[in-house]
Amino acid sequence: MPIFNYGIDHLTPGIAIDIAEGRTQGVLNEEATQKILASRQNVLDITEQEKIVYGVNTGFGSLCTTIINKADAGKLQENILRSHSVGVGAETPLDVAKLMMILKVHALSKGYSGVALETLERIIWHIESDFIPYVPQQGSVGASGDLAPLAHLFLPLIGEGKVWKDERWITTKELFQKENKESLNLGPKEGLALINGTQFIAAYALKGFVRMSNCLDSADIIGALSLEALKGSMKPFDQELHQIRPYQGSIYVADRLEKLVTGSEIIESHQNCSRVQDPYSLRCMPQVHGASRNAWLHLKDMLTVEINSVTDNPIICSVDKTISGGNFHGQPMAMPIDYAALASAEIGNISDRRVYLMLEGEDEGLPTLLMKNTGLNSGFMIPQYTSAALVSENKGLCFPSSADSVPTSMGQEDHVSMGSIGGRKFNTILDNLENILGIELFCAAQGFDFRRPLKSSVILEDVHAHVRKHITFAAEDRIFGDDMVIATDIIRNKEIVSVAHAAADQNNIKLYNNEVFGIY
């Protein structure tokens, strides 16, 4: 199994997912251990010398001028976990909570936070054992760190809170009895270091980043299927066109679309037709899909910086140098998350337009509502209603969370990012997008069948065949909702991307660029 050295190696979104899913092991090597021990000693020396340092021997937030005596330093850190565990709402998904722990260990292992080695080893034990703490989703304003979610996440360190074990929630006390563990006694600075940081925002952004990557790849493939169903033109994907407006995303999408349909008999069958140009939802796929890919690339850059950063406060550089700054502020992530959310919604918007085009029946050989015997049958009319509803819902969710700020902590924390809300909304938009793309896939596969006996490209033929293994052609009405669920699952499970890429590899077609558009 590959090894990742917390606090030392460069973390990527893909590596973080691999650690969470057990394909890579995260460890503390000797170099990281020494940095952690040195930073911890700095905090202990500060405490011993009774230097006044925020959060080490003072209260928190607006209580920063209240001095705490040395004897109460440990109690102060346990109290911060308890008092800040005020989250509400649904539970954070287990994969997100696990990513939060992985990101926190990496940040604390860089040697600027002053936590004890034992504390980090306990968190790693939770990660490796899959004992994931219960974390409510709501309560963070995305500055001073994700205080409430992180406080809940680390309650088990002091023997409190709940954890997921054996497919159910149990108390931490019950877990410790079963696993022969005892709660930790936190020392100076530790509680603050644990709850101060952007790991809730970053974990949701990371999950969304990976999901958005799959949606973008899927949208190109499904868009190509729709292009074939509608007998669209390849001309708008010519590389010369995109080199004179050289956005990275547009160039990449145009190249993919061109390769996805190369060799298609369907394309060849209408080379000399009278249609001058296609509607925008076909013709402008490189520009629209490409713009969303540009947003994804921006998120990739920002996220990669974030998950390799130290985001708690104060920063312990040495005994004589501590900095009470603002690295916990979520704004650097909140804005690119909002941008990515908008970009994801737009992929759904253009996908819905392609579905509508296929239903119109204006293209020769493609029946209205994608079914020949309509009247008695409604055909594919109503799946588009669902698509329209989801598109509209996403538009409402696109209001940028980072545009809002509500002061907290008696004015001490007078500007906050709301990046935590943005991260959750981003993933809700992606939930809807996966369903929208599932509807387009369902419709495009139906339209594709009406082009027989002509064949498409080797890649799209394999994709269509995979869909038909799970969803049959519809000659009459049935419960289309069941088919839509299957189509969405095919997308969520990354099946059509895997099938398309496998077909491309078998035919020596370079369909993707992992160096730029991969998650590693």
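User: What does the charged end of lysine 162 sit over?
Analyst: The ring of tyrosine 134, at 4.2 Å from its centre. Keep in mind that this is a predicted model.

User: Where does lysine 162 stand in the strand pairing?
Analyst: Lysine 162 is opposite threonine 171 in E7. Strand E6 (residues 162–165) and strand E7 (residues 168–171) run antiparallel, joined by four bridges.

User: New topic. How many aromatic pairs are there?
Analyst: Twelve. One of them joins tryptophan 125 and phenylalanine 131, edge-to-face, with 5.2 Å between centres and 65° between planes.

User: Are those two buried or exposed?
Analyst: Tryptophan 125 is buried at 16% relative accessible area. Phenylalanine 131 is buried too, at 8%.

User: Which ring pairs with phenylalanine 450?
Analyst: Phenylalanine 473, also edge-to-face: 5.5 Å centre to centre and 70° between the planes.

User: What does that pair tie together?
Analyst: Phenylalanine 450 lies in the loop between H17 and H18, and phenylalanine 473 in the loop between H18 and H19, so the contact ties parts 23 residues apart in sequence.

User: How accessible is each one?
Analyst: Phenylalanine 450 is buried, at 16%. Phenylalanine 473 is partly exposed, at 35%.

User: Last one. What lies over the face of phenylalanine 517?
Analyst: Arginine 293, at 5.4 Å from the ring centre. Phe517 also belongs to an aromatic cluster with Phe209, Tyr252 and Trp296.

How values were computed. Residues numbered from 1 in each chain as written. Predicted model: local features only at pLDDT ≥ 70, side-chain atom pairs only at ≥ 80, totals over all residues. Heavy atoms only, no water. Pairing = 2+ DSSP bridges. Helix = DSSP H or I, 4+ residues; strand = E, 2+ residues; numbered from the N terminus. Phe/Tyr/Trp six-rings, centres within 6.5 Å; stacked < 30°, edge-to-face > 60°. Buried < 20%, exposed > 50% of the residue type's maximum accessible area, 1.4 Å probe, protein only. Lys NZ or Arg CZ within 6 Å of the ring centre and 35° of its normal.
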